[in-house]
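Here are some friendly notes to read with the model open beside you. They follow a few residues and the surroundings of each.

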Amino acid sequence: MKRKHIILIHTIFWSVILVTTALRIIPGMREYSAGFIASDILIFAISNISIFYLCYFYITKEHLAKRKTAGLIFMGLVFTVLYSIPVTFIYIYFLYDIVFTLIPRKIALNSGRFYFRVLEANFMYVMSGSLLKLALLWYENIMERKEAEKQLLQGELALLRSQINPRFLSNTLNNIKSLIGKQPDKAVYSIENLSEIMSYMLYETSADKVPIDDEIKYIGNYLNLQRVRFRQGQVNFEVTGVTSGVEVPPLLFMPFLENAFRASVITTDPGSIEITLAINGAELTFGITDHVKDIGNIAAEDKPFSSETIKHFLDLQFGNNYSLETNFRDNRYSVKLTAQLQQGSPIGLAPSFTVV
């Protein structure tokens, strides 16, 4: 918690104490002199504030451990009992010194009465200081844990995204190599597309979210590289809906594209690949349908991204705000992702899938 917020909490606490003290003193102002009331307030203020902050600053994160809680409570009780003895003596000495002129039995009785009054006040401030510090430490501990979880999830996302680059780069360079001798114009065109793709991967994908228009341009460049291996019209990409202002996690669609083209390459006669992207308000729908020889090709060992990897990737990005559907029929394998685009990052929520 920020220092200014902690100061504000302390200010509010002592302001409330000041108001309640004033309300308690006002009715007795006619019975006691101003000097007596001022001395009474001063002694209790020094005592209460001192014991409050002694406990507040003594307690550390180590005391949050269960094994140390009992010891902390015991030490707090003993300290409060002992601390109240000299405070009581000072209080009687300056305000009720007549007590010392009484017989021993009455001295003990009156001193005991004053002692329990002081003990009650000190105990309240010991509890207040301790509970306030424990609450702040607990809050800080929760925030540190959430930050650690966030860093861990961000690390996992970075690792998953980094897996795209070497596979994609290797495949693309092999394709360009095969074009250099036979179709140099296409090779140059592919190099330009690859340059834009690598620039996007290196410099634009470090943020949690990017404009979907940038992702669409990235997909376009990726498809241009892949089209050199297919006949005209075999690879189609359609975008519908209003994309302006919409943001998505970077490289969201890359695992699906990699898997689709890898599966199609495995077949002896690659069919067409249909890719659709639709934005309907806060809902995103992305689908790929491609021809494969048989369902066994989908589970091939050289498949870039497994179903578990993709689901884990989507869990980290959308939590439970998405569904993933897959279908295989008549040598056509389709994948459909539906996700709710919300403000903020829902990382850490439970997953939800629909597999057909």
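1. Tyr58 sits in helix α2, which covers residues 34–58. Please keep in mind that this is a predicted model. With a relative accessibility of 44%, Tyr58 is classed as partly exposed, because that class lies between the 20% limit for buried and the 50% limit for exposed.

2. Tyr58 also belongs to a nonpolar surface patch of about 670 Å², together with Phe74, Met75, Val78, Val81, Leu82 and Ile85. Which helix gives the most to this patch? That is helix α3 (residues 66–95), with six residues.

3. Back to α2 as a whole: its 25 residues reach 36 Å from the first C-alpha to the last, close to the 36 Å expected at 1.5 Å a residue.

4. The model holds 24 aromatic pairs. In one of them, the ring centres of Trp14 and Phe52 are 5.0 Å apart with planes at 65°, so the pair is edge-to-face. Trp14 lies in helix α1 (residues 3–25) and Phe52 in helix α2, so this pair ties together parts 38 residues apart in sequence. Phe52 has 0% relative accessibility and therefore counts as buried.

5. Phe318 and Tyr322 form another pair, with ring centres 6.4 Å apart and planes at 50°, so this one is tilted. Are these two residues buried or exposed? Phe318 is buried, at a relative accessible area of 5%, and Tyr322 is buried at 4%.

6. Trp14 and Phe52 are also members of one aromatic cluster, along with Phe13, Tyr53, Tyr56, Phe57 and Tyr125.

7. What is Glu215 in contact with, leaving aside neighbours within four places in sequence? The contacts are Tyr200, Val210, Val248, Pro249, Pro250, Leu251, Leu252 and Phe253.

8. Ser190, in helix α6 (residues 184–203), is buried at 1% relative accessibility. Not counting residues up to four places away in sequence, Ser190 touches Ile176, Leu179, Leu225 and Val228.

Key:
Residues numbered from 1 in each chain as written. Predicted model: local features only at pLDDT ≥ 70, side-chain atom pairs only at ≥ 80, totals over all residues. Heavy atoms only, no water. Patch = residues over 30% accessible without salt bridge, like charges linked within 9 Å, V, L, I, M, F, W, Y side chains within 5 Å. Areas by Shrake-Rupley, 256 points an atom, 1.4 Å probe, with all protein chains shown as cover. Salt bridge = Lys/Arg side-chain N within 4 Å of Asp/Glu carboxyl O. Helix = DSSP H or I, 4+ residues; strand = E, 2+ residues; numbered from the N terminus. Buried < 20%, exposed > 50% of the residue type's maximum accessible area, 1.4 Å probe, protein only. Expected span 1.5 Å × (residues − 1). Contact = heavy atoms within 4.5 Å. Phe/Tyr/Trp six-rings, centres within 6.5 Å; stacked < 30°, edge-to-face > 60°.
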